[in-house]
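I opened my notebook to look up aromatic rings in a structure new to me. Here are my entries.

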Amino acid sequence: MKEQIEKIMAELNELKCQTDKEVEEARVRFLGKKGEITALFDEFRTVAPEMKREFGQRLNVLKKEAQAKIEELKSLAVSAPSQTAAAEDITLPGDALDLGSRHPVSIARQEIINIFRKFGYDIAEGPEIEDDYHVFEALNFPANHPARDMQDTFFVSSGHPNPLLLRTHTSSVQVRTMEKMTPPIRVICPGRVFRNEAISARAHCIFHQVEGLYIDENVTFADLKQAILLFAREMFGPDTSIRMRPSYFPFTEPSAEVDVSCNICHGKGCNICKGTGWLEILGCGMVDPNVLEASGIDSKKYSGFAFGMGVERIAMLKWQVNDLRHYFENDLRFLREFSSCVEV
Ligand code: DAH
């Protein structure tokens, strides 16, 4: 036993470790449950009584030495991860960055803007928190007019003659543009709108519209029809045809809703167009003289047309998205489908 103690003591003196891992291995080798020093303590039980005192002391010294040595080595050892880091080849190319892509609503919105830019339209913007006057009153919806019910409104303030509200349509930007500019006016107004609607596959409380306004001398319904036809062909393809159905909006007279020929079945009838061969894309009409006058434009001299479309709706028709909620849920599987889309 004496030789063994001396041998281990000598080994401890010579012991060298580089890493945490090596120190731990040495601790297990000498002091672990099955370690060499632990084994000597087991053996100690068999030592003759007269030798116990001497060997007991030697063993205790050995154990203390071993513990001190392990502590010392621990404090000097380099931790393993940085060892690996040092071994890394820093000249290797880095990990590729995961780039995002544009949202389908942004792509559709930009496409609409690009098309009307080509036709010579400027872009106008207005506030999302609007007042009653610009969203309703100046657009020929007097207080208590039943047409206000078509657009369930989020009010920001109440009990005021001109309460603040979240705009329900971008037609308010028409009014702000006519107040500021003198004809000829040719603008589109893209923006977010808000309606107090229950969220479903076909409705949401936040969505995007693009409004259009053209005012000059002698603007006619024929000009409106041509502008919409050219837009539809740029957006949905050169074979697209349009049809206009009489409709009602307080701010236009006459008013129409516009359908494009279904780009899936080409007019034959499918479940996207519900068998009709047509898809509704926007509302439009000749600006009501009351609206021109409310914003200081002489309705005897000038006439104009206006139109308004939902960007999500256009995007749904273009890419056959069947549920509006996909646009707002940030599901990467949906968003990645548009990563290779390029605007026209
Ligand atoms: N503001 C209408 C809406 O949100 C859309 C609209 C229809 C705008 C006809 C127009 C228009 O400028 O002429 O439902």
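My notes on ring pairs and on charges over rings follow.

I am working with a predicted model, where local features need pLDDT of at least 70, side-chain atom pairs count only at pLDDT 80 or more, and totals for chains, interfaces and linings use all residues. Residues are numbered from 1 along each chain as its sequence is written, and side-chain values use heavy atoms, without hydrogens and water.

I looked up ring pairs. Rings of Phe, Tyr and Trp (its six-membered ring) pair if their centres lie within 6.5 Å; planes under 30 degrees apart are stacked, over 60 edge-to-face, and the rest tilted. I noted 12 aromatic pairs by this rule. One of them is Phe 116 with Tyr 121, edge-to-face at 5.2 Å centre to centre and 75 degrees between the planes. Both Phe 116 and Tyr 121 are buried (under 20% relative accessible area; exposed is over 50%, partly exposed in between, with a 1.4 Å probe and protein chains only).

I then followed ring pairs into a cluster. Its members are Phe 116, Phe 119, Tyr 121, Tyr 214, Phe 231, Phe 305 and Phe 307.

Next I turned to charges. A charge sits over a ring if NZ of Lys or CZ of Arg is within 6 Å of the ring centre and within 35 degrees of the ring normal. I found the charged end of Lys 52 over the ring of Phe 44, 5.4 Å from its centre. Lys 63 lies over the face of Phe 41, at 5.4 Å from the ring centre.

Trp 319 is partly exposed, at 22% relative accessible area. Phe 338 is buried, at 5%.
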